[in-house]
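Hi everyone, thanks for making time for this. Let me put the structure up on the screen so that we can walk through it together.

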Amino acid sequence: MAVAQREMNKEIGLLYYQMERKKEQIGNMEQRQKERLQKEKDRVKEKVDEIKQLKENSTIIMREKRALEKNLEASLKEQRELQMVSEMVEHNKRIEQHIMRYRLDAKVENIVCLLMQLKHGNKYVEKPLPRKDILPMLTALLDEEYPGMRQRIDDLTNNTTKQTMCYLIALKLDDEEMMYRATNIKLETVRKYRKECRDLVANLTG
């Protein structure tokens, strides 16, 4: 009986030991699993943080890109405006040079008064010339400077307004204000006809 009890106790002790080992193994497995899960969670969090940072960086980059594009557009616009002003200044300078030459040559009577009146209005003219005298004087000046040009222009158009504008262009007085004062038409109409008249004269002189 005592031997049997000892054998039973031995079996029970062995089973208890095996159970404890199993519990320990299971505990170790659970701990490793928890650690692996935690590592996976940490890696996922890192990736999420990286993606979040990339999105923030992308937003910042796009914002900076839009700002740079806006600044570039503003700079280009300012450059274009400066270029236009520069071209206008040069154009007006050339107009004034031609006016000065015609004034000095004085090939047509009262031409100085006419040119100043067309370019500056009545500001520098003591007695403005009658409107009826403007076209005949421009015609006379064109005949003096470029013989035959008037007839060639008249052969292409019988519109008095366009003829007058073409005369000014042929005389190298392609000036919007002078055309406006010489033709007595709306400024919008001058701008409408101007390119057509430029092309017409360019074909005759090209």
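I'll go through a few helices, then some loop residues.

Some ground rules: this is a predicted model, where local features need pLDDT of at least 70, side-chain atom pairs count only at pLDDT 80 or more, and totals for chains, interfaces and linings use all residues. Residues are numbered from 1 along each chain as its sequence is written, and side-chain values use heavy atoms, with hydrogens and water left out.

When I say helix, I mean a DSSP run of H or I with at least four residues; strands would be E runs of at least two, and numbering goes from the N terminus. Buried means under 20% relative accessible area, exposed means over 50%, and partly exposed is in between, with a 1.4 Å probe and protein chains only.

Let's start with H5, residues 160–170. How many of the 11 residues of H5 are buried? It's 10, so H5 is largely enclosed by the rest of the structure. Among them are Thr161, Met165, Cys166, Tyr167 and Leu168. The buried residues of H5 pack against helix H2 (111–120), H3, helix H4 (149–156), H6 and H7, where contact means heavy atoms within 4.5 Å.

The N-terminal end of H5 is capped by asparagine 159, with a side-chain oxygen 2.9 Å from the backbone nitrogen of threonine 161. That is a polar contact: a pair of N or O atoms within 3.5 Å, where within protein one must be able to donate a hydrogen and the other to accept it, and residues adjacent in sequence count only if both atoms are side-chain atoms.

One of the partners of H5 is H3, residues 134–145. H3 has 12 residues and reaches 17 Å from its first C-alpha to its last, close to the 16 Å expected; that expected span is 1.5 Å times one less than the number of residues. The buried residues of H3 include Ile134, Met137, Leu138, Leu141 and Leu142. As a reminder, an α-helix has 3.6 residues a turn, so residues three or four places apart point the same way.

Now the loop between H5 and H6. Lysine 172 sits there, with a positive phi of about 65 degrees although it is not a glycine. Most residues other than glycine have a negative phi. At 41% relative accessibility, lysine 172 is partly exposed.

Aspartate 175 is in the loop between H5 and H6 too. Is aspartate 175 buried or exposed? At 5% relative accessibility, it counts as buried. A polar atom of its side chain lies 3.1 Å from the backbone nitrogen of glutamate 177, and one lies 3.0 Å from the backbone nitrogen of methionine 178. Leaving out residues up to four places away in sequence, aspartate 175 touches Asn92, Ile95, Lys119 and Arg194.

Arg194 turns up again where H6 (residues 176–183) meets H7 (residues 187–205). Their axes come within 10 Å and cross at roughly 115 degrees; axes are lines fitted to C-alpha atoms, over the stretch in contact for helices, and angles run from 0 to 180 degrees between N-to-C directions. Glu176, Met179, Tyr180 and Thr183 of H6 meet Leu187, Val190, Arg191 and Arg194 of H7.

Lastly, alanine 106, in the loop between helix H1 (2–105) and H2, has a positive phi of about 50 degrees and is partly exposed at 45%. Thanks, everyone!
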